[in-house]
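Morning, everyone. Have a look at the model first.

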Amino acid sequence: MMIPTWVFKILIIFLVYGPGSQAQICSEVDRAALLGFKARILTDTTGILSSWIGKDCCNGGWEGIQCDRVTGRVTQVMLQRSFEKDSAIYMKGTLSPTLGDLKFLEILVISGMKRLSVRSHQVFQARFQSFWAGSNLSLLDLSNNQLSGPIPDSLCNLYKLQGLSLSNNELTGQLPPEIGRLKSLTTLSLGFNRLVGQIPTSISQLHNLWYLNPSRNALSDPLPYDALVKGIPSLLSIDLSYKKFNLVTIPKWITSRHLSDVHLAGCNLKGFLPIFTKPYSLTSIDLSDNHVTGGITSLFQKMSSLQKVKLSNNQLRGNLSELSIPNGLAVLDLHSNQLPGSLSGLLRSAGGFLETVDLSNNQITGNIPSTISKLVGLKRFDVSRNHITDRFIFTRFVDSATYRTKPPYETLSTISGHRRLGFLN
């Protein structure tokens, strides 16, 4: 009787990956490349590189390093720390070109090192040129460092790249016109740099891109409207905030799309709030720091998935008493507008997911309804600089929360949360 082919395949897999198999030690070439990176780091308070000792970078406990079990070649370098500007956790030094010797690398993440610098074009030249050209790299994240200089054109040779993040650096110059060659790209994050010029029309060729964030740069008009109307069919999340765009109104290619996140803060928007033709898909809206006018009572209609909304620093005047918010909303920021009315309707419609409410610097009147006691998840509630008449106390504290009320009770009170509220007349 003949044994099926699939039996042999399973047997081979078991022999290679089974409990008795021995993982290969790391390639000497890859180990030398990693030690070359370590040698360029002058100070490391993250503690990552202190684990890079011994001859086996694959099985020797080197933090952030993963290898192919069979070949012993490094496939992932993931050096990551949270980005907090005042944090004492950082790496100080420069990126070493020896990283270009990691020929089998699929994931390269060096993020949150804060003081890691080098001119960006130097990262991609010399040994990197051949590396990028035939690379299997699917994720490149060099965010939250001090990279400077322009984004090199050679980066656009990473044809298998799916995720690219260069945000929170000091990059200058224009976006490469060849960026449309990154056909596999799904996420592009370039925020908080010093990039100038215009968004290239080739961006319309990124058919798999669902996340686009070039915010907080010096990018300018005109936007490639024709390319954006017809291209990027997979787009779900867009952030164009705080650039030199003079949008005036939100383009139809945004309001007519099936989007989850629309962030257009500081884009010189004017007129009334937009009408989204597919509101049910939206989870986050940020139109703060614009010149938007009119009412807000109809904005949230059919936005059943909305979780976060920021409309602060505008000129909204609609009656807050008539506002009903989605049940799943977690963050509501309407501070620094001209909103009159009371809190009754808003708090009555709020669900248990509400965590942050900022209604400060408006024209709200009346008292704080007792229905606020039902908001068990509330962590911050700011109604300062209004015409609120109540003073209130809190009892049965559980989680940390912050509340602010109008003078003479406009002091910031940080307490250990709330389950029930008591009021003083």
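I'll go through the salt bridges pair by pair.

This is a predicted model. How many salt bridges does a search of the whole structure find? Five.

Start in helix 2, residues 28-39. Glutamate 28 and arginine 31 pair through their side chains, with 3.4 Å from N to O. Both residues sit in that helix, three residues apart, which is about one turn. Are the two partners buried or exposed? Glutamate 28 has 52% relative accessibility, so it counts as exposed, the cut-off being over 50%. Arginine 31 is at 18%, so it is buried, the cut-off there being under 20%.

Next, aspartate 30. Its salt-bridge partner is arginine 73, and the closest N and O atoms are 3.1 Å apart. Aspartate 30 is in helix 2, while arginine 73 is in the loop between strand 2 (65-67) and strand 3 (74-80), so this pair ties together parts 43 residues apart in sequence. Both aspartate 30 and arginine 73 are buried.

Now the strands. Arginine 380 and aspartate 358 form a salt bridge, again by their side chains, at 3.4 Å from N to O. Arginine 380 belongs to strand 26, residues 380-382, and aspartate 358 to strand 24, residues 356-358, so the pair ties together parts 22 residues apart in sequence. Arginine 380 is partly exposed, at 31% relative accessibility. Aspartate 358 is buried, at 8%.

One last point on that region. Which residues are linked in a network of salt bridges? Asp358, Arg380 and Asp382.

That's my part. Over to you.

Terms used
Residues are numbered from 1 along each chain as its sequence is written. This is a predicted model: local features need pLDDT of at least 70, side-chain atom pairs count only at pLDDT 80 or more; totals for chains, interfaces and linings use all residues. Side-chain values use heavy atoms; hydrogens and water are left out. A salt bridge is a side-chain nitrogen of Lys or Arg within 4 Å of a carboxyl oxygen of Asp or Glu. Helices (H or I, at least four residues) and strands (E, at least two) are DSSP runs, numbered from the N terminus. Buried means under 20% relative accessible area, exposed over 50%, partly exposed in between (1.4 Å probe, protein chains only).
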